Amino acid sequence: MDVPLWLALLVVGYLGVKLIRPPAWLIAVLLLGGFLLADSVLAPAIDSFVK
């Protein structure tokens, strides 16, 4: 079964918020931080570290 990455992330994120109940500011910081890091000079270093 092939599941698109966006759908898998959406389901995992939804379940994480429902089950763990993190504060809204933490969710916002993680989303904004990930978005900003993806377009920064650190992106190649993070990419090589993750792989």
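User: Why is Leu10 called exposed?
Analyst: Exposed means over 50% relative accessible area, buried under 20%, and partly exposed in between, with a 1.4 Å probe and protein chains only. Leu10 has a relative accessible area of 53%, so Leu10 is exposed. The residue is found in helix α1, residues 5–20. This is a predicted model, in which local features need pLDDT of at least 70, side-chain atom pairs count only at pLDDT 80 or more, and totals for chains, interfaces and linings use all residues. Residues are numbered from 1 along each chain as its sequence is written, and side-chain values use heavy atoms, with hydrogens and water left out.

User: How many residues of α1 are buried?
Analyst: The count is zero among its 16 residues, and α1 is described as hardly covered. For the protein chain, buried residues make up 0% of the 51 residues.

User: What is the radius of gyration of the protein chain, and what is it set against?
Analyst: The radius is taken over C-alpha atoms, and the globule rule is 2.2 Å times the number of residues to the power 0.38. A compact globule of 51 residues would come out near 10 Å, whereas the protein chain has 13 Å. Along its principal axes the C-alpha trace spans about 35 × 35 × 15 Å.

User: Which residues make the nonpolar surface patch?
Analyst: Met1, Val3, Trp6, Leu7, Leu10, Val11, Tyr14, Leu15, Leu19 and Ile20 make a patch of about 1,200 Å². Patch residues have over 30% relative accessible area and no salt bridge; like charges are joined within 9 Å, and nonpolar side chains (Val, Leu, Ile, Met, Phe, Trp, Tyr) within 5 Å. A salt bridge is a side-chain nitrogen of Lys or Arg within 4 Å of a carboxyl oxygen of Asp or Glu. The protein chain exposes about 4,900 Å², 77% of it supplied by carbon and sulfur atoms. Accessible areas come from the Shrake-Rupley method with a 1.4 Å probe, and for residues only the protein chains shown count as cover.

User: Why does Arg21 count as exposed, and where is it?
Analyst: Arg21 is at 61% relative accessibility, so it counts as exposed. Its place is in the loop between α1 and α2 (24–38). Arg21 also has a positive phi of about 55 degrees although it is not a glycine.

User: Why is Asp2 called exposed?
Analyst: Asp2 is at 80% relative accessibility and therefore counts as exposed. Asp2 is found in the segment before α1.

Methods: Helix = DSSP H or I, 4+ residues; strand = E, 2+ residues; numbered from the N terminus.
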